[in-house]
Amino acid sequence: MAHLLFRLRHVTDEEAMEVRQLLDAHGMDIYETQAGFFRLGVDAIWLRDKRQLEDAQALLAEYQTERQTRARQEHHDALARGDAPTLWQRFTAHPVQVTLVGVAIVILIALTLLPFLALG
């Protein structure tokens, strides 16, 4: 029976391709499923042979650690160069979106605190 190995929802195309290549390079017997038109299924990479499960999980854990280290280093380098977007830069690039998110946060906080404020 197949085992769910790696969910592809909210994963960039680059990361998904790297995972596929990693698993193929190590001879893992995998296949992929799509969620479908109504998103009722699951976008994922599945492992056919359960005997390879420990090796595949170890490969993915090592890959995720390397990817996290690389992403943190890229972010640190961007901060050092001054290329990392600040809140002000994001606001000037997308003022409506940032404003709507701010309003939504205020509304959620107000709705959360409203019952407690009504007690007083």
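Is Arg-39 buried, exposed or partly exposed? Arg-39 counts as partly exposed, at 46% relative accessibility, where buried means under 20% relative accessible area, exposed over 50% and partly exposed in between (1.4 Å probe, protein chains only).

The model is predicted: local features need pLDDT of at least 70, side-chain atom pairs count only at pLDDT 80 or more, and totals for chains, interfaces and linings use all residues. Residues are numbered from 1 along each chain as its sequence is written, and side-chain values use heavy atoms, with hydrogens and water left out.

**Sheet**

Strands (E, at least two residues) and helices (H or I, at least four) are DSSP runs, numbered from the N terminus. Three strands form an open sheet in the order S1-S3-S2, with antiparallel pairing; two strands pair if DSSP finds at least two bridges between them. S1 and strand S2 (30–33) are the edge strands, each pairing on one side only. From one strand to the next, the twist averages 30°. S2 and S3 run antiparallel and are joined by four bridges; Thr-33 has Ala-44 in S3 as its bridge partner.

**Helix H2**

H2 packs on the sheet, where it touches S1 and S3, and its direction makes about 10° with that of S1. Such axes are lines fitted to C-alpha atoms, for helices over the stretch in contact, and angles run from 0 to 180 degrees between N-to-C directions. Helix H2 (residues 53–81) has 29 residues and reaches 42 Å from its first C-alpha to its last, close to the 42 Å expected at 1.5 Å a residue; the expected span is 1.5 Å times one less than the number of residues. Its buried residues are Leu-53, Ala-56, Leu-59, Leu-60, Tyr-63, Arg-67 and Ala-78. Their cover includes strand S1 (3–7), helix H1 (13–25) and strand S3 (44–47), contact meaning heavy atoms within 4.5 Å.

**Aromatic pair**

The whole structure holds three aromatic pairs. One of them, Tyr-31 with Trp-46, is stacked, at 6.4 Å centre to centre and 10° between the planes. Rings of Phe, Tyr and Trp (its six-membered ring) pair if their centres lie within 6.5 Å; planes under 30 degrees apart count as stacked, over 60 as edge-to-face and the rest as tilted. Tyr-31 lies in strand S2 and Trp-46 in strand S3, so the pair ties together parts that are 15 residues apart in sequence.

**Positive phi**

Most residues other than glycine have a negative phi.

| Residue | Phi | Location |
|---|---|---|
| His-10 | about 65° | loop between S1 and H1 |
| Arg-39 | about 60° | loop between S2 and S3 |
| Gly-82 | near 85° | follows H2 |
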